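Dear colleague,

I am passing on a structure for you to look at, and below it you will find an account of what came out of going through it. Please read the text with the structure open beside you.

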Amino acid sequence: MKLKNGTVLTESGDKTVLVATGEAGKAFSGMIKLNSSAAFIAEKLKNDTDEDKIIAALLEKYDVTPEHAAESVMAVIAKLEGVGLIER
């Protein structure tokens with residue numbers, strides 16, 4: 001799974017936002033503000049990956065439990081899938 005082509009992560013001040021352009025813009029028009037962990041997850045989704053790899057990367061970067069990492073990854077993926085920005 002990965003972000004659809006045309007999905008752009010960009011910095012806006014001290015925030016990271018996800019913007020859909022091109023093909024991705026057909027599914028979703030707008031921006032999504034991301035906290036640091038959601039931005040990290042979205043960054044991993046730029047390349048084809050799976051939930052387990054993202055969870056492992058999150059555990060390496062942040063001091064969280066495996067359960068919390070899994071919940072965070074699944075929540076971000078569900079949100080991005082819900083607006084049509086993930087392709088499997």
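**Helix H2 and its surroundings**

In this predicted model, helix H2, which covers residues 36-44, has as its buried residues Ala38, Ala39, Phe40, Ile41 and Ala42. These buried residues pack against strand E1 (2-3), E2, E3, strand E4 (31-34), helix H3 (51-61) and H4. One of the residues named there, Ile41, turns up again from the side of H4: serine 72, which lies in that helix (residues 66-82), is in contact with Ile41 and Leu58 once its neighbours within four places in sequence are left aside. Serine 72 has a relative accessibility of 18% and therefore counts as buried, the cut-off being under 20%.

**The overall fold**

Taken as a whole, the protein has four helices and five strands, and from the N terminus on these elements follow one another in the order β-β-β-α-β-α-α-α-β. The C-alpha trace spans about 35 × 30 × 20 Å along its principal axes. Of the 88 residues, 39% count as buried, and among the contacts with a separation of 6 or more, 47% are accounted for by residues 24 or more positions apart.

As for the surface, the protein exposes about 5,300 Å², of which carbon and sulfur atoms supply 49%.

**The hairpin of E2 and E3**

Strand E2 (residues 7-12) and strand E3 (residues 15-20) pair in the antiparallel sense, and six bridges are found between them. Threonine 7 has alanine 20 as its bridge partner in E3. The two strands form a hairpin with two residues between them, and in the turn glycine 13 has a positive phi of about 70°.

**Leucine 85**

Both residues of that bridge, threonine 7 and alanine 20, are also among the residues that leucine 85 touches. Leucine 85 lies in the loop between H4 and strand E5 (86-87), and with a relative accessibility of 0% this residue counts as buried. Not counting residues up to four places away in sequence, leucine 85 touches Lys2, Leu3, Lys4, Thr7, Leu18, Ala20, Ala24, Phe28, Ile32 and Leu80. Glycine 6 is 79 residues away from leucine 85 in sequence, yet the two are 9.2 Å apart in space, C-alpha to C-alpha.

**Alanine 27**

Finally, alanine 27 has its place in helix H1, which is made up of residues 22-27. At 39% relative accessibility alanine 27 counts as partly exposed, because that class lies between the limits of 20% and 50%. When residues up to four places away in sequence are not counted, alanine 27 touches Lys4, Val83 and Gly84; of these, Lys4 is also touched by leucine 85. Between alanine 27 and methionine 1 there are 16 Å in space, C-alpha to C-alpha, for a separation of 26 residues in sequence.

With kind regards

Technical notes
Residues numbered from 1 in each chain as written. Predicted model: local features only at pLDDT ≥ 70, side-chain atom pairs only at ≥ 80, totals over all residues. Heavy atoms only, no water. Buried < 20%, exposed > 50% of the residue type's maximum accessible area, 1.4 Å probe, protein only. Contact = heavy atoms within 4.5 Å. Areas by Shrake-Rupley, 256 points an atom, 1.4 Å probe, with all protein chains shown as cover. Pairing = 2+ DSSP bridges.
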